[in-house]
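Here is a short briefing on side-chain contacts. Look at the structure first, then read the points below.

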Amino acid sequence: MDRQVRVWERTKDIVFLDEERERELEEVFDKVDGSKRDENTSDVLLRAQKDGDEGLDADDETDEKPQSAAAVKQSILSVSAGDRIMEAVELADEESKEIAAFKKLQEDKSGDNRRAPNPMLFGMDPSQYVLWVLRSVKSVDLEQSLLVLPLKHVERLMHYLILLLRAGKGIELCAKISVFLIKAHQAQIVANRTMMTPLRELQTLVRMRTTEIRDTAGFNIAAMRIIARIANEKKNERINYEEKSMKDIWAGLGKA
């Protein structure tokens, strides 16, 4: 039997249980994380580069230096975002298998080829759903959330990035994630020969799509400059009253 005496004092401070729980989880996570909590993204990329330097030439050493120096602490938000990305990849894989099985079944039977959309994916395609989850992650937590992914999920995520780049969707985000994943998992990618073919296609698609965006942006900028120049020319046009005399203005008036 509990014989403790408890005293509660009423204050004017507003306490939210969700925020208190989140703060407790943050403290627990920081204690467990230990020395890694102050490790930023650039340190992770430098470590990945050192691990993969054995299989690379010395000439490419300067080109492969990590360019990201974002001092982002690994927090519970980034870990939860990484869990959401992993869950999205797994759901997309299951949906892709079901779609392939449905198409194979419809080849043997004649009838309606329509398939009901999956409510777990909000009626979206697998690759489109993965893109939607990636866009829902804050840009501050994106890099740290990608570091949480295991190599198996990284390979599947690259597969969906290739599908998205083929369709021309989310080009900037897909290119950013692709470059970061390759730099972060450089040693594993070099050791895994099965990823060479997808990486070549990914390289080609990233270059092609980014070139298209650059050309489109350049075309639009040139068009805006032409429109601005034409607008300034029309704005500077003024009626020159000095060439016309008052007789010319009132000429012909008052005559029958």
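At 46% relative accessibility, R166 is partly exposed. Its partner in a salt bridge is E201, with N and O 2.5 Å apart. The model is predicted. Five salt bridges are counted in it.

- E201 sits in helix α9 (residues 196-236) and R166 in helix α6, so their contact ties together parts 35 residues apart in sequence.
- E201 is partly exposed too, at 30% relative accessibility.

**Salt bridge D93–R156**
- The closest N and O atoms of D93 and R156 are 3.1 Å apart, and the two residues form a salt bridge.
- Helix α3 (residues 76-108) holds D93 and helix α6 (residues 151-167) holds R156, so the pair joins parts that are 63 residues apart in sequence.
- D93 is buried, because its relative accessible area of 17% falls under the 20% cut-off.
- R156 is partly exposed, at 30% relative accessibility.

- E98 and R115 form a salt bridge, with their closest N and O atoms 3.0 Å apart.
- E98 belongs to helix α3, while R115 is in the loop between α3 and α4 (126-136); the pair links distant parts of the chain, 17 residues apart.
- E98 is partly exposed, with a relative accessible area of 41%.
- R115 is partly exposed, with a relative accessible area of 30%.
- A network of salt bridges links E95, E98 and R115.

**Aromatic rings**
- Three aromatic pairs turn up in a search of the whole structure.
- F122, Y129 and W132 are linked into a cluster by ring pairs.

Methods. Residues numbered from 1 in each chain as written. Predicted model: local features only at pLDDT ≥ 70, side-chain atom pairs only at ≥ 80, totals over all residues. Heavy atoms only, no water. Phe/Tyr/Trp six-rings, centres within 6.5 Å; stacked < 30°, edge-to-face > 60°. Salt bridge = Lys/Arg side-chain N within 4 Å of Asp/Glu carboxyl O. Helix = DSSP H or I, 4+ residues; strand = E, 2+ residues; numbered from the N terminus. Buried < 20%, exposed > 50% of the residue type's maximum accessible area, 1.4 Å probe, protein only.
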